[in-house]
Amino acid sequence: MLPTADGRLNGFTPRGAPPAPAAADAPPPGSRTAYAAAHVVADPLAGNAIGAPARLDWEATMAFRHHLWDLGLGVADAMDTAQRGMGLDWPATAELIRRSAAEAASRGAAVCCGAGTDHLEPGAGTTLTEVEAAYTEQLETVEGAGAIPVLMASRHLAACARGPADYAAVYGRLLRQVRGPVILHWLGTAFDPALAGYWGHDDPAEAIDTVAGIIAEHASRIDGIKVSLLDAALEVRLRERLPAGVRLYTGDDFNYPELIEGDAGGHSHALLGIFAAIAPAAAAALRALDAGDTAGYRALLEPTVPLARHIFAAPTYYYKTGIAFLSWLNGHQPGFTMVGGLHSARDLVHLSEALRLADAAGVLTDPDLAVARMRGLLEISGVR
């Protein structure tokens with residue numbers, strides 16, 4: 001019996017149709033480059049209270065990454081899905097980067113990792129020089145570990161930049177010093193309100209010229225750009241402006257099926273948090289696309305969209321709770337706990353609907369386990 005938004009309890013029986021297991025060490029999809037942005041698993045024996053240093057269950061955290069690699073997906077690590085700026089501090093982040101990159105190298109798998117400025121003190125007064133130095137420090141950590149850097153959007157840069165020219169100057173200096181191509185990162189305010197006005201424009205539509213100009217000037221240093229604006233039309237506008245060889249990685253967790261499929265004008269690649277929650281379906285769909293089976297691709301991926309829209313519903317930045325919840329239901333971690341206490345960020349009604357939608361999408365890999373774990377959560381929450 002699951003609680004609903006109208007205060008009732010409704011019966012739920014899983015349809016009992018988990019996805020077919022993928023072959024171990026499946027090769028990556030060929031027609032699209034795809035990264036799943038992975039979450040981190042909290043150590044249940046450590047504090048992990050709000051404001052406390054993050055303490056991870058390293059075995060479960062790394063095992064989840066191997067799960068994604070086994071399916072043929074790349075891993076995007078130390079990104080916002082891993083609670084950057086929402087519980088994961090820099091010392092834990094740096095260790096995560098080193099461990100994840102080493103594990104990826106041990107099996108020849110794809111990994112990219114976020115480099116940002118989140119180890120700076122919050123608040124006003126940060127200068128552009130300090131922002132650049134902070135980026136440089138984190139870039140050195142990512143590149144030193146052997147991962148592809150993702151140059152993450154910076155709250156500090158958003159706070160101190162005076163206009164588009166400051167963004168062009170900071171990004172230009174950073175891109176001239178990197179060892180190899182990097183991925184840029186454009187995160188909309190739904191994901192982080194502190195990034196309002198990024199690239200020097202309040203309206204993202206007006207920022208496209210600035211972003212496209214930076215990419216055109218430094219195209220040889222840029223593998224691609226991840227765009228998380230939850231606006232498919234704006235993503236396509238930017239995609240059409242990219243130089244040859246520079247990828248658009250969709251981070252649109254609402255409209256990813258059509259953006260990845262694309263049209264005669266092009267397609268997006270993927271760097272998505274929702275792919276961590278729907279990894280078996282996502283990997284199978286991409287392989288169908290490789291084979292030219294568009295109908296099969298849509299049949300696998302489109303049923304996951306209601307789940308994604310629910311997990312990423314406003315306030316969108318709490319989507320990490322839904323990702324960790326589904327990981328727990330599917331047996332990838334021993335408990336439903338998160339660093340910073342973020343497992344409390346979504347209520348029981350929200351989580352119950354996530355269970356229903358995950359079942360409808362066919363992404364419960366062990367429905368019996370999911371039901372047993374949900375029963376436990378309901379009991380300790382006072383629902384009988």
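Modeller: Of the 384 residues in the chain, 57% are buried, where buried means under 20% relative accessible area, exposed over 50%, and partly exposed in between, with a 1.4 Å probe and protein chains only. The model is predicted, so that local features need a pLDDT of at least 70 and side-chain atom pairs count only at pLDDT 80 or more, while totals for chains, interfaces and linings use all residues. Residues are numbered from 1 along each chain as its sequence is written, and side-chain values use heavy atoms, with hydrogens and water left out.

The chain has 15 helices and 10 strands; these are DSSP runs numbered from the N terminus, helices being H or I of at least four residues and strands E of at least two. Its radius of gyration is 20 Å, close to the 21 Å of the globule rule for 384 residues, so the chain is as compact as a globular protein of that length. That radius is taken over C-alpha atoms, and the rule is 2.2 Å times the number of residues to the power 0.38. Along the principal axes, the C-alpha atoms fill a box of roughly 60 × 50 × 45 Å. Among contacts in the chain with a separation of 6 or more, 71% join residues 24 or more positions apart, a contact being heavy atoms within 4.5 Å.

Within this setting, the helix to examine is α7, residues 232-239. Its buried residues are Leu 234, Glu 235, Leu 238 and Arg 239. These cover an arc of only 140 degrees around the axis, which puts them on the same side of α7; the arc is that of the directions from the helix axis to the C-beta atoms.

Trp 199 has a positive phi of about 70 degrees although it is not a glycine, and with a relative accessible area of 0% it is buried. Asn 48, in the loop between β3 (34-37) and α1 (58-70), likewise has a positive phi, near 50 degrees. Asn 48 counts as buried at 6% relative accessibility. A further backbone feature is the cis peptide bond from Ala 314 to Pro 315, with omega near -10 degrees; Pro 315 lies in the loop between α12 (305-311) and α13 (319-329).
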